[in-house]
2 protein chains.
Amino acid sequence: MHESLINYIERHSTQPMSREDIEQIKSVFLPKKIRKKQYLLQEGEVCKYAAFIVKGAMRQYSVDDKGVEHVVQLYLEDWWVTDRESFTMLTPSAFNIDAWEDTEVLLISKADSVELMKIPAFNEMGRILDDKHSFSSQKRINAFISHSAEQRYIDFLTAYPEFLQRFPQHLVASYLGITKETLSRIRGQIIRK
Amino acid sequence: MHESLINYIERHSTQPMSREDIEQIKSVFLPKKIRKKQYLLQEGEVCKYAAFIVKGAMRQYSVDDKGVEHVVQLYLEDWWVTDRESFTMLTPSAFNIDAWEDTEVLLISKADSVELMKIPAFNEMGRILDDKHSFSSQKRINAFISHSAEQRYIDFLTAYPEFLQRFPQHLVASYLGITKETLSRIRGQIIRK
DNA sequence: CGAAAATTTGACATGACTCAACTGGAGTGG
DNA sequence: CCACTCCAGTTGAGTCATGTCAAATTTTCG
């Protein structure tokens with residue numbers, strides 16, 4: 001089960017890892033199964049763990065005052081999941097994270113992750129993830145201020161085609177910042193072209 | 001002129017800096033004056049520098065196919081400005097960065113910034129900035145998917161009250177993802193309450 | 001003062017939301 | 001195997017939020 005994590009780190013770093021490094025990494029990541037609909041994090045809690053998804057699908061969302069859920073992010077295999085602000089600052093989270101499918105994750109605590117940053121390969125992977133996360137946030141923000149809902153949907157399709165196979169449309173709609181009805185109509189328009 | 005940068009680093013790190021560290025930092029940052037309306041970066045160019053704003057005001061924006069500008073970010077004194085993707089990956093930028101007021105910046109190249117990361121205080125500052133940037137991106141994305149334009153404006157006011165004094169409303173409107181007319185009407189409504 | 005930039009206002013168009021109804025699976029228990 | 005329910009997706013009608021375009025007004029600044 002830890003193999004996919006080790007493999008992921010090797011793919012996302014140029015640094016070699018020693019046998020001891022690998023053992024240390026394996027020793028601090030706690031495997032956990034999260035069944036469909038179960039929470040990894042609930043609003044108001046402090047996010048104690050970052051999770052690496054070995055298998056399954058998860059979503060992160062906020063809930064507004066009317067009780068409507070808004071999908072901040074969707075996750076599949078080989079994604080890292082956490083509420084970074086809560087995890088880093090030890091503050092109560094404004095978000096929920098739950099499993100959309102039965103999911104297997106590897107959990108790491110804040111303290112352990114700080115320790116692992118001393119391993120060059122892990123540290124480099126962290127930096128690269130930070131970069132990628134920053135790039136994609138920038139793109140998503142730019143999409144909200146400058147693209148139409150239809151354009152955002154088309155961009156989403158090309159960037160994350162696999163998401164449509166694993167998540168229902170109403171979650172995708174929420175991720176795009178529109179209602180499920182609007183997404184349904186947009187899809188109808190696209191098909192008619 | 002470098003003083004405000006050194007001061008900034010000290011405020012954003014718990015690590016001490018030696019006299020040599022400070023000298024090294026001062027030696028690699030290139031002071032530059034950018035006059036109002038002049039570009040730090042133009043779309044299509046590779047972003048060669050990250051800039052620390054000593055004095056002035058800048059904006060980062062994209063231009064859509066109709067020629068409309070969309071403000072991705074606004075910056076004042078003590079902010080770091082760059083197109084991180086272009087700067088990191090050496091790819092052509094999709095964004096423009098220009099000065100809204102006459103501005104003084106300190107420029108650093110990618111290569112030099114990698115060198116400075118060996119200084120613990122600078123490295124820690126970088127990590128903390130990454131964290132903060134990640135937190136604020138998350139909040140902004142969440143605002144787009146879950147808040148009304150009016151709510152986004154109110155949040156903006158409380159988060160960045162100083163921006164309203166330095167940037168015209170039409171730039172703020174663009175930053176919020178709405179037109180200047182809509183922002184004008186939203187303000188009218190708020191005042192009438 | 002005069003020109004340019006910023007803001008406001010009005011009329012109208014359009015995109016998106018809301019609510020409700022309906023359709024079509026997928027899964028479940030009798 | 002069928003009836004039932006749950007969930008997802010679609011569709012329609014009406015409403016609301018926001019955009020567009022044009023004009024008027026106010027502010028800024030040389």
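A residue is near a molecule or strand if its C-beta atom, placed from the backbone, lies within 6 Å of it. Helices (H or I, at least four residues) and strands (E, at least two) are DSSP runs, numbered from the N terminus.

This is a predicted model, in which local features need pLDDT of at least 70 and side-chain atom pairs count only at pLDDT 80 or more, while totals for chains, interfaces and linings use all residues. Residues are numbered from 1 along each chain as its sequence is written, and chains are lettered from A and ligands numbered from 1 in the order in which they are written.

**Stop 1: DNA strand C**

Select DNA strand C, which is surrounded by 15 residues. The closest are A:Ala149, A:Thr182, B:Pro168, B:Gln169 and B:Ser184. Then colour helix H9 (180–192) of chain A, together with helix H8 (169–176) and helix H9 (180–192) of chain B; these elements give two or more residues to the surface near DNA strand C. H9(B) provides the largest share, six residues. By class, this surface has three nonpolar, seven polar and five charged residues. Here Ala, Val, Leu, Ile, Met, Phe, Trp, Tyr, Cys and Pro count as nonpolar, Asp, Glu, Lys and Arg as charged, and the others, Gly among them, as polar.

**Stop 2: DNA strand D**

Next, select DNA strand D, which has 15 residues around it. The closest are A:Pro168, A:Gln169, A:Ser184, B:Ala149 and B:Thr182. The elements that give two or more residues to this surface are helix H8 (169–176) and H9 of chain A, together with H9 of chain B. H9(A) gives the most, with six residues. The residues of the surface near DNA strand D comprise three nonpolar, seven polar and five charged.

**Stop 3: where the two chains meet**

Display both chains: 22 residues of chain A are in contact with 22 residues of chain B (C-beta atoms, placed from the backbone, within 7 Å). On the side of chain A that touches chain B, the elements giving two or more residues are strand S5 (69–75), helix H3 (84–89) and helix H5 (120–146) of chain A. Select H5(A), the source of the largest share, 13 residues. This side of chain A has five nonpolar, 11 polar and six charged residues.

**Stop 4: a sheet in chain B**

Now select the open sheet of four strands in chain B, in the order S1-S8-S3-S6 with antiparallel pairing (two strands pair if DSSP finds at least two bridges between them). Its edge strands, each pairing on one side only, are strand S1 (30–34) and strand S6 (80–81) of chain B. Strand S3 (residues 49–55) and strand S8 (residues 103–109) of chain B pair over six bridges. Select B:Ala51 and its bridge partner in S8(B), B:Leu107.

**Stop 5: the domains of chain A**

Finally, colour domain 1 (3–129) and domain 2 (147–193) of chain A, with bounds from an automatic or database domain assignment. Their centres, taken over C-alpha atoms, are separated by 26 Å. Eight residues from domain 1 of chain A and seven residues from domain 2 of chain A take part in the contact. On the side of domain 1 that touches domain 2, S5(A) supplies the largest share, four residues.

Notes. Contact = placed C-beta atoms within 7 Å.
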